[in-house]
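Hi everyone, thanks for making time for this. Let me put the sequence and the model up on the screen, and then we can walk through it together.

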Amino acid sequence: MPATEQRSELVLHLNGSAHTLTVDHRTTVLDLLREQVGLTGAKKGCDHGQCGACTVLVDGRRANSCLLLAVAQDGRRITTVEGLADGERLHPLQEAFLERDAFQCGYCTPGQLCSAAGVLAEAADGFPSHATADPAAPVALTAEEIRERMSGNLCRCGAYPRIVEAVADAAAHQAGTARPGGDAEHQEATP
């Protein structure tokens with residue numbers, strides 16, 4: 001089969017902007033984002049869908065972009081870490097990650113942030129996890145619940161405690177409440 005027949009044109013809505021692209025049928029969303037579009041936030045970690053460094057939001061749901069063929073995403077809305085902020089204003093998760101120092105080397109952080117945005121949306125929509133105590137009740141994002149939901153995102157530096165705290169802070173912000181002990185706990189931990 002000629003190489004031209006192995007390519008297709010598609011439209012992706014990347015971070016709120018429509019992009020018409022011609023892609024090889026074997027191209028993953030991750031490779032398309034990084035190599036063709038220039039959005040390098042999503043990282044290539046394991047390239048097998050096991051580490052979560054490449055996590056993006058597809059139509060609002062989190063997905064490992066290294067496992068998604070780009071041609072199968074025609075017409076979809078894809079949000080990367082570059083699209084979480086509102087212009088110069090950081091997303092509450094990004095603010096919480098900075099406040100809580102929830103990263104060390106930063107390699108996994110874009111995937112952690114996109115996954116956490118998906119976690120907040122899933123919980124708000126009432127989707128239970130394996131850790132949800134009462135699947136019929138509204139989902140409370142406890143530390144245990146956050147750890148379960150974020151378990152597909154690995155951090156080689158071990159920043160997990162701060163990541164959980166940052167997601168809890170963002171969840172409290174989203175709910176319009178202060179997280180119990182959040183600020184005082186953070187101030188005590190800060191030298």
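Here's one to start with: which residue in β2 is the bridge partner of L12? It's H19. Please keep in mind that this is a predicted model.

Let's build out from that pair. Strand β1, residues 7–14, runs antiparallel to β2, and eight bridges join the two. They belong to an open sheet of five strands with mixed pairing, and the order across it is β2-β1-β5-β3-β4. At the edges sit β2 (17–24) and β4 (61–64), each of which pairs on one side only. On average, and ignoring direction, neighbouring strands in this sheet are turned by 40° against each other.

Now for the helices on the sheet. Helix α1, residues 29–37, lies across β1, β2, β3 (55–58) and β5 (77–79), and runs at about 105° to β2. Helix α3, residues 109–124, also packs on the sheet, where it touches β3, β4 and β5. The direction of α3 makes about 40° with that of β3.

Last stop: helix α5. This one covers residues 160–175, so to speak 16 residues in all. From first C-alpha to last, α5 reaches 22 Å, close to the 22 Å expected at 1.5 Å a residue. Which residues of α5 are buried? They are I163, V164, E165, A166, V167, A168, A170, A171 and A172.

Note on methods
Residues are numbered from 1 along each chain as its sequence is written. This is a predicted model: local features need pLDDT of at least 70, side-chain atom pairs count only at pLDDT 80 or more; totals for chains, interfaces and linings use all residues. Side-chain values use heavy atoms; hydrogens and water are left out. Helices (H or I, at least four residues) and strands (E, at least two) are DSSP runs, numbered from the N terminus. The expected span of a helix is 1.5 Å times one less than its number of residues. Buried means under 20% relative accessible area, exposed over 50%, partly exposed in between (1.4 Å probe, protein chains only). Two strands pair if DSSP finds at least two bridges between them. Axes are lines fitted to C-alpha atoms, for helices over the stretch in contact, and angles run from 0 to 180 degrees between N-to-C directions. Contact means heavy atoms within 4.5 Å.
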